[in-house]
Amino acid sequence: QSNFTHSSTRCANITRPEILNRTLERAAGRVAKKQNDGQVLTTAPSEDDWANWLGITKWVMTQRWPRDAVARFLGKLLESDSAIPDSYFSEFPDLFRSLIEQEDSRLQGDKNSFRDWLTTAINSIRGEAIEALLNLALRQKNAGREIQPWILEIFRSRLELAEESPAIFALLGVKLRLLIHLFGNRLMEFQGLLFPPAKPEHRSAALIAHFKYDHPSSAIIEIFPGLINAALDTLETIRTNVKDDHAKEDSRELGYRLGTHIACYYWCGSFAGDEEGEAALDRFFAIASDTTRAVLINEIGTIWEKPPNGPPDEKVIARVMRIWERRYAQIVKELENRAGSASDHDAELAQSIDWLDCECFPLDWRLAHAKSALERLQKAPQAYRLLKSISALGVVPNRLEGSLELLQMLLSKPGDEVRWSIQFQDLGPVLSSGFASGKPEIRRLAKECQDMLLKRGFSDFLSL
């Protein structure tokens with residue numbers, strides 16, 4: 001089998017790209033790493049296979065045809081476990097420069113075909129090529145070799161280019177952890193390039209993609225110390241200039257994801273000091289909508305409801321508790337100063353009550369803050385989870401009184417939310433334990449709860 005080369009006479013009769021594209025797509029499928037089933041190649045590519053694939057790749061790059069198949073082939077090749085011939089590595093600089101620097105109709109101007117810059121990027125030739133280039137850098141690092149300088153220079157040149165699409169900023173924004181793993185402290189000088197204040201659309205694209213789709217890492221705010229404030233600036237701008245439903249969705253999703261990142265950095269001690277983290281949280285709560293603030297409180301509770309692996313770090317636990325202590329104090333101050341409507345904070349207060357299920361926090365602290373939040377609510381919140389918590393806590397002797405106090409407060413609130421969540425099999429054992437208690441105060445609470453349930457029409461409780 002003769003090799004396909006640029007000078008091959010085979011080239012003269014090829015007028016349509018489909019046949020070569022299919023060849024490269026089959027090659028990509030053949031070398032691709034089977035991530036799910038752990039399978040490996042049954043037959044390794046021969047020298048002729050490698051030579052033909054490289055020849056086709058180079059020849060397609062000389063044509064005006066779309067180069068999607070080339071970008072996909074290189075991406076699959078470089079993320080695979082295949083042993084790539086040395087001949088490819090000498091060609092990579094020119095291949096990648098050509099793929100990345102060529103005009104890409106999907107990234108022209110402010111074209112955002114999918115109304116999401118990251119989705120636009122990963123569906124472009126340049127975006128696929130940049131992902132493949134990151135795979136090349138990762139392959140070099142994993143092999144213990146120095147990452148070739150031209151790779152980082154390509155990224156720099158694209159970020160410096162005035163006409164570069166925001167989509168590429170989004171793609172690099174979502175890869176921050178990988179970029180830091182690859183290039184480390186060399187990225188410190190990229191903060192102004194990747195998050196350019198003078199190009200708000202590009203900065204917004206990078207920040208939104210990062211916070212929506214990537215995860216927190218202490219190394220990120222060490223390398224990019226201005227990241228959190230830049231993201232808060234972006235959130236404030238979006239909130240101020242919301243024009244349509246898509247922008248509102250961006251604001252909501254960026255908001256709660258950014259809040260989660262800030263909270264995580266704070267309780268992990270990633271900021272230079274706790275004061276810096278608290279200032280970031282304060283600014284977040286001042287900017288975010290009431291819905292977004294409530295989603296963050298719920299998200300923190302959900303995270304800490306799960307038992308930690310191993311013994312909890314007391315410093316971390318104390319910081320998590322401090323988040324709600326400080327936020328609750330701010331809410332109380334605003335309400336007392338009439339700086340906001342009580343309803344502006346109802347969702348946050350209601351979500352904080354679910355922290356009752358976070359066993360890593362002291363019981364007295366959980367009960368005290370749940371009662372304080374419930375007391376501030378004008379109407380009963382959605383009560384299903386709270387009633388389940390009362391049911392679980394109330395059958396434990398030293399938790400019975402606090403559970404009955406919560407139930408009494410909840411039943412005293414107006415609203416229909418409670419009615420649909422009350423179940424005799426959940427609350428009956430709690431009231432029975434209360435009636436059987438040797439403490440008069442606990443028996444009194446049980447009787448008050450029974451009376452309120454009967455007034456609401458729950459006759460099953462009459463038999464207790």
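## Aromatic pairs and helix contacts in a predicted model

The structure holds 19 aromatic pairs. It is a predicted model. One of the pairs is formed by Phe 92 and Phe 96, whose ring centres lie 5.8 Å apart with 55° between the planes, a tilted arrangement. Phe 92 and Phe 96 are 4 residues apart in helix α4 (residues 86-101), and therefore are separated by about one helical turn. Phe 92 has 0% relative accessibility and so counts as buried. Phe 96, likewise at 0% relative accessibility, counts as buried. Both rings belong to one aromatic cluster, which is made up of Trp 50, Trp 53, Phe 73, Tyr 88, Phe 89, Phe 92, Phe 96 and Trp 150.

Two helix contacts are described next. Two packed helices are described by the angle between their axes and the distance between the axes. The table lists these values for each contact.

| Helices | Axes come within | Crossing angle |
|---|---|---|
| α3 (residues 68-79) and α6 (residues 125-142) | 8 Å | roughly 20° |
| α17 (residues 314-336) and α19 (residues 363-376) | 12 Å | roughly 25° |

For α3 and α6, the axes cross at roughly 20°. Angles under 35 degrees count as roughly parallel, so α3 is roughly parallel to α6. The crossing in which α3 passes α6 is left-handed. On the α3 side, the contact is made by Asp 68, Ala 71, Arg 72, Leu 74, Gly 75, Leu 77, Leu 78 and Glu 79, while α6 contributes Ile 125, Glu 128, Ala 129, Ala 132, Asn 135, Leu 136 and Arg 139. Divided by class, the residues of the contact of α3 with α6 are 8 nonpolar, 2 polar and 5 charged.

For α17 and α19, the axes cross at roughly 25°. The two helices α17 and α19 are therefore roughly parallel to each other. A left-handed crossing describes how α17 passes α19. From α17, the residues Met 321, Trp 324, Glu 325, Tyr 328, Val 332, Leu 335 and Glu 336 meet Trp 365, His 369, Ser 372, Ala 373 and Arg 376 of α19. The contact of α17 with α19 has 7 nonpolar, 2 polar and 3 charged residues.

Technical notes:
Residues are numbered from 1 along each chain as its sequence is written. This is a predicted model: local features need pLDDT of at least 70, side-chain atom pairs count only at pLDDT 80 or more; totals for chains, interfaces and linings use all residues. Side-chain values use heavy atoms; hydrogens and water are left out. Axes are lines fitted to C-alpha atoms, for helices over the stretch in contact, and angles run from 0 to 180 degrees between N-to-C directions. Angles under 35 degrees count as roughly parallel, over 145 as roughly antiparallel, 65 to 115 as roughly perpendicular and the rest as oblique. A crossing is left-handed if the near helix is turned anticlockwise from the far one by less than a right angle, and right-handed if clockwise. Contact means heavy atoms within 4.5 Å. Ala, Val, Leu, Ile, Met, Phe, Trp, Tyr, Cys and Pro count as nonpolar, Asp, Glu, Lys and Arg as charged, and the others, Gly among them, as polar. Rings of Phe, Tyr and Trp (its six-membered ring) pair if their centres lie within 6.5 Å; planes under 30 degrees apart count as stacked, over 60 as edge-to-face and the rest as tilted. Buried means under 20% relative accessible area, exposed over 50%, partly exposed in between (1.4 Å probe, protein chains only).
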